[in-house]
Amino acid sequence: MSIENTYVLVTGASAGIGAEFARQYAAAGYNLVLTARREKTLENLAGQLSSTYRVEVEVIPADLLVSGDVQKLVDRLAQAEHPVEILVNNAGFGLGQPFEEAPAQRHLDQVQVLAAVPLQLMHAAIRAMLPRGRGRIINVASVAAFTPGGTYSAVKRFMVVASESANIQYRDRGIDVTALCPGLTRSDFHHAMGQEQPKVPGVFWLSPQQVVTEAIAAVNAGKPVCVPSLPYKVAAGISQIIPRRAVAALISRTRNY
Ligand SMILES: NC(=O)c1ccc[n+]([C@@H]2O[C@H](COP(=O)([O-])OP(=O)(O)OC[C@H]3O[C@@H](n4cnc5c(N)ncnc54)[C@H](OP(=O)(O)O)[C@@H]3O)[C@@H](O)[C@H]2O)c1
């Protein structure tokens, strides 16, 4: 894919893994469309990246729980001028509460931000990419998709299957789709849930740099699923063959619900 005049749209670009996607794509010469709720944070990042890497950076402040805001992103993906050729569906949050303690609406919000909106954006992106015969989509899921870890795991599983399906359906038409399934990654994620960072051995903590580097290599290679780092590749494999209750016990200290 030629990167001249190529735009990458990243959701959840104001922190963590999303901000790192923005940095790595800007460093590679791609123009960006950054979105999240915190406009000032996005503007600061946009200023840094455009001056450091000499790329164009657009900012679209949007709350993915507000349908009018989501429509702005759908419209941007459909735009023929300055086309978005890479979509990174990254925004997300954990509930940090057991199933029955979190209000039902928060579970529905999680389904909205982590599954329904990414699906809507992937749909808009694929419609725009098909006539051009090229495009890439990274859906940030989680290694939790392979575990029985509540609503969070369920919606992440949804994104893995949706990504695998789109990968098979559109690869021959020039569009590569990858589900990124990181394990614990240093970001604002646990702080945003009001939780301490889980106490697990250091080998299970990933940097956003490593996660994003592996994700970009995977989508460039057309892989349907990317699980960064050897320990998590092994853990994801084992989780598919041992009893589900044993998997649930193993992840009990890292649950996001
Ligand atoms: N960190 C981990 O251990 C880990 C592991 C596996 C998968 N993941 C996944 O990785 C993705 C990125 O998470 P992260 O670790 O980078 O967490 P983070 O640092 O907390 O970043 C989350 C991003 O999502 C955005 N966001 C949250 N709710 C939103 C909403 N309603 N509308 C628009 N944007 C919203 C936030 O922006 P604003 O607050 O500015 O809106 C922020 O930019 C998520 O999908 C998460 O589930 C994380």
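Which residues of H5 are buried? The legends below take up this question among others.

**Figure 1. Overall view of the predicted model.** The structure is a predicted model, in which local features need pLDDT of at least 70 and side-chain atom pairs count only at pLDDT 80 or more, while totals for chains, interfaces and linings use all residues. Residues are numbered from 1 along each chain as its sequence is written. The protein contains 9 helices and 7 strands, where helices (H or I, at least four residues) and strands (E, at least two) are DSSP runs numbered from the N terminus. Along the principal axes, its C-alpha atoms fill a box of roughly 50 × 40 × 35 Å.

Figure 2. The buried residues of H5 are Gly150, Thr151, Tyr152, Ser153, Val155, Lys156, Arg157, Met159, Ala162, Ser163, Ala166 and Asn167. A residue is buried if 20 or more other C-beta atoms, placed from the backbone, lie within 10 Å of its own, exposed if 12 or fewer, and partly exposed in between. These buried residues of H5 pack against H4, strand S5 (135-140) and strand S6 (175-180).

**Figure 3. The largest nonpolar core.** This core has 73 residues, of which Ala22, Leu32, Leu34, Leu87 and Ala125 touch the most other members. Helix H4 (residues 104-132) gives the most to this core, with 10 residues. A nonpolar core is a set of buried Ala, Val, Leu, Ile, Met, Phe, Trp, Tyr and Cys residues joined through C-beta atoms within 7 Å. Not counting residues up to four places away in sequence, Ala22 touches Val10, Ala13, Leu32, Leu34, Leu45 and Leu49; two residues are in contact if their C-beta atoms, placed from the backbone, lie within 7 Å.

**Figure 4. Leu180 in strand S6.** Leu180 lies in strand S6 and is buried, with 30 other C-beta atoms within 10 Å. Although Leu180 and Val140 are 40 residues apart in sequence, their C-alpha atoms are 4.7 Å apart in space. Residues touched by Leu180 include Ile138, Ala215 and Cys226.

**Figure 5. The shell around the ligand.** Of the 28 residues around the ligand, Gly12, Gly16, Arg37, Gly92 and Ser187 come nearest. The elements that give two or more residues to this shell are helix H1 (16-27) and helix H6 (189-192), and H1 gives the most, with 3 residues.

**Figure 6. Two residues with positive phi.** Arg54, in the loop between helix H2 (39-53) and strand S3 (57-61), has phi near 55°. Arg54 is exposed, with 9 other C-beta atoms within 10 Å. Ser229, in the loop between strand S7 (225-226) and helix H8 (230-239), has phi near 80°. Ser229 is buried, with 20 other C-beta atoms within 10 Å.

Key. Near = placed C-beta within 6 Å.
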